[in-house]
Amino acid sequence: MLMHKKQKLAVAWIFAFAGVLPFVVMVWFSLMPNIDILNKKYIPQPRENSVVFFEEINFDTNSTKKPTQIAATELGQIFVNKKMITDLNSVATVYARQENSLWGASADNGLTEISLKNGTIKGNYNWEYFEDSYNKFDPTRFYSSSDILPENFSWLADRLNSSDISKISGIKFYQSEEIINQLNYILTNEKILNLLFAEWGKSDGWLNPKINSLLEKSARTERENHFLFRWCLSELFPNKVSRFRYFPWENIWESQATSFGLSMVLAGNKIVLGMRGEIFPGVAIFDTDTKEINWITDATGLPNTSIHRFSQVSDSEILVIHDLGTSTIQQESGKVLKNHIAIAGNTPSVVQDTISTPSVKSDFSFIPQGSRKFQFSNYQDIAKTMPLAVFMKNSAIISLSIAVLCLLLAVFPSYAIARMRFKGKTIFSRALLSTQIFSGLPFLIPVFVIFSILQMNDFRLFNSYSVIIFVNLIFFLPMAIQFLFNIFAALPANLEESAILDGCNYWQAFTKVLLPAAAPGIAVCFIYMLLFAWDEILFIWILSTDLTTATLPVGIRMAVGQFANRPELLMAFCVVASAPMILLILLARPLLLRSLSGKER
C-alpha cells in the first residue's frame, strides 16, 4: 500500500515537472544573451572585457614621473596605473578623454563623465536626456545642406513666385540660399499659414492622408501647423529645398545597440556621438560646458544615420563614416559641409586610411574577465520595441468580455439541458456537442471574405472590439454550455424538489440553491474560458489590421517576423504574455479549493 502511494506521488511529480518545464525553459532563454544562443551556448558565458581605450598622459607637465596609464574596458571598468578606480557596469562602452575627465558612452547608461583623479562620476546623461533634447529639436525648419545646388533654389523660387504662396504672403522669393530664410519666416507666421491652409483646404487631391486630416481640424497646434506646411510644400513643389524627412525618436534598446555599436569622438569641448544601424536619429553633438545637444539629422542634410565611426580631420571639421559613404560636418555650427556617397557600397580609400589606428602594445593581464550574467535587459528591450501595454489592454478587454458573456449566455441553456425535459432536447444536445468536432480553421477564409465585402459596403467591422468578441463568442459558447451542462448534471436531483417544498419557485430554486451549489464549477468554467480567449489568435489575427485591437498572441506573431534572429526577445515576450494567466491560476487555486471543500486546504 505504501509503495502504491509512492508510485502515485512519483507520477504526480513527473506530470507536474512536465507541466512547468516549458515555462521554465522559456524564462531561462528569455534571460540569455543573444550571442550565447547564436553560438549554441545554453548557459551564460563569461562576457568579453577587452580594452577599448588606452592612453599614457602626464597630468603634471613639469613632473619627471612616469606617464599615467589609463585603460578602460567595454564593460565600463576604468583603470589608472593598473588599479581600477570605477566600474560603470555597462556594456559596449566607448571612451574619449577631456583633460582630467573620461567620457564613456554605453548602450545601457548613455553618456557618463568620470573623474580620472578619484574615479567619481561627475554626471550621467542617459538616453532619456537625449530623447528630451531631440524632441525639442525642430525638424520642420528649412536647412541648407551641401547637396542643394543653385539650380534647386532657382527652380523652387520660380514656382513659388507664380503660386498662391507668393500672393498670400506678399513675398518675392530669391533664387538663392536666401529662400531658406524666407520659407522659415512663413513657417513661423501663423497668419500667413492660416490663409494658406484655408486656400489649400479647398483641394481634396492630396496624396498624403495626414494632410487631409490636419486640414479638417478646426484647431491645430503650432507644431501641427509646421508639419502641415512642410508636407503640403513638399507635395506641391517636390525639390531638394522643400523635401521633408522626419524620423521620430526610437527607444534605444540595449541588446541592439550592443550588437551594432556606438561611435564617439571628442573635438574641443564637443562630444560627437553616433550609433550604427539607423536606431539613432543622426549625430548628436554634446557640449561639455553647457550640456546642451545639437543634432545633425536627415533633415539637415546627413544622407544616412547609421554611423560607423568618427575621425577629426581638423580643429573645426569631423569626418563621419556611415553606410552610404562619408560626410564632413562642422561641430561648432552643426552643418553638413560635404557628402561623399560611396559607389556600390564600397568605403572610399580615404576612409580606410583615416580610420586605421596603430595597435597598442601593453600588458593588460590585470584586466579581469567578464562575469557570467543573465541579461534582464531583454525585458526592457522588448518593452521598448513592442507596444506591450496596448497588447495587454486589448487581451484583457477581449478575453474578459468573452469569458463573462460565455457564462451569462451559457448558464441557462446548460441548466435546461441538464435538469429539464423538453421536446428536441436530445437532438439539441447532440447538435451542440457535434460543434466541438470542427475546428475554427475552415471558417477562417469565409469569415474574412464576408467581413471584407461588408467592409466595402460601409460596415466598419475590422478593428472593432465588439465584432471580435461576437465572432469568438460564437465558437466559445458551445464549449461553455457543454462544460456547465456537466456541472449541473452532477448536482443531486432532489435539490430543486427540496427548495420547492421549502416554498421557493423555480427561479428562486435556480438562483438561491443551484447556482450557489454550482459556483465552484462555474468559477472553473470562467477561468477556462478566460484562458482559451487569452490564447485565441485565429480570428483576431484576420479582424485586427492595426494595433488598436491586436492582442498578445497577435503581437507575438508580429514579433516572430521582426525578431527572427533574436530568440531571447521572443522568449521574453512569451513570458510577459503567459505571466498574467499563470498568476491568475496561482491566485484562484486557494479560492477554488475553499469553494469545493468548505475550508481552505
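Residues are numbered from 1 along each chain as its sequence is written. Because the model is predicted, local features need pLDDT of at least 70 and side-chain atom pairs count only at pLDDT 80 or more, while totals for chains, interfaces and linings use all residues, and side-chain values use heavy atoms, with hydrogens and water left out.

Me: Why is Ser-327 called buried?
Reply: Buried means under 20% relative accessible area, with a 1.4 Å probe and protein chains only. Ser-327 has a relative accessible area of 0%, and is therefore buried. Its place is in strand S15, residues 325–330, a strand being a DSSP run of E of at least two residues, numbered from the N terminus.

Me: What makes the link between the side chains of Ser-327 and Asn-339 a polar contact?
Reply: A polar contact is a pair of N or O atoms within 3.5 Å, where within protein one must be able to donate a hydrogen and the other to accept it, and residues adjacent in sequence count only if both atoms are side-chain atoms. The side chains of Ser-327 and Asn-339 are joined at 2.5 Å. With contact taken as heavy atoms within 4.5 Å, and residues up to four places away in sequence not counted, Ser-327 also touches others, including Leu-302, Ile-318 and Val-336.

Me: How do you know what counts as a cavity, and how many of 30 Å³ or more does the structure hold?
Reply: On a 1 Å grid over the protein atoms alone, a cavity is a set of points where a 1.4 Å probe fits but cannot get out, and lining residues have an atom within 4 Å of a point. Grid points are joined across faces, edges and corners, and a volume is the space filled by probe spheres set on the points. Of the 16 residues that line the largest cavity, the closest to its centre are Tyr-143, Arg-230, Lys-240, Arg-243 and Ala-299.

Me: What makes residues of the lining of the largest cavity nonpolar, polar or charged?
Reply: Ala, Val, Leu, Ile, Met, Phe, Trp, Tyr, Cys and Pro count as nonpolar, Asp, Glu, Lys and Arg as charged, and the others, Gly among them, as polar. The lining of the largest cavity divides into seven nonpolar, three polar and six charged residues. The second largest cavity, about 50 Å³ in volume, has a lining of seven nonpolar, one polar and two charged residues.

Technical notes:
On a 1 Å grid over the protein atoms alone, a cavity is a set of points where a 1.4 Å probe fits but cannot get out, and a pocket is an open set with protein on both sides within 12 Å along at least five of seven lines; lining residues have an atom within 4 Å of a point. Helices (H or I, at least four residues) and strands (E, at least two) are DSSP runs, numbered from the N terminus. Buried means under 20% relative accessible area, exposed over 50%, partly exposed in between (1.4 Å probe, protein chains only).
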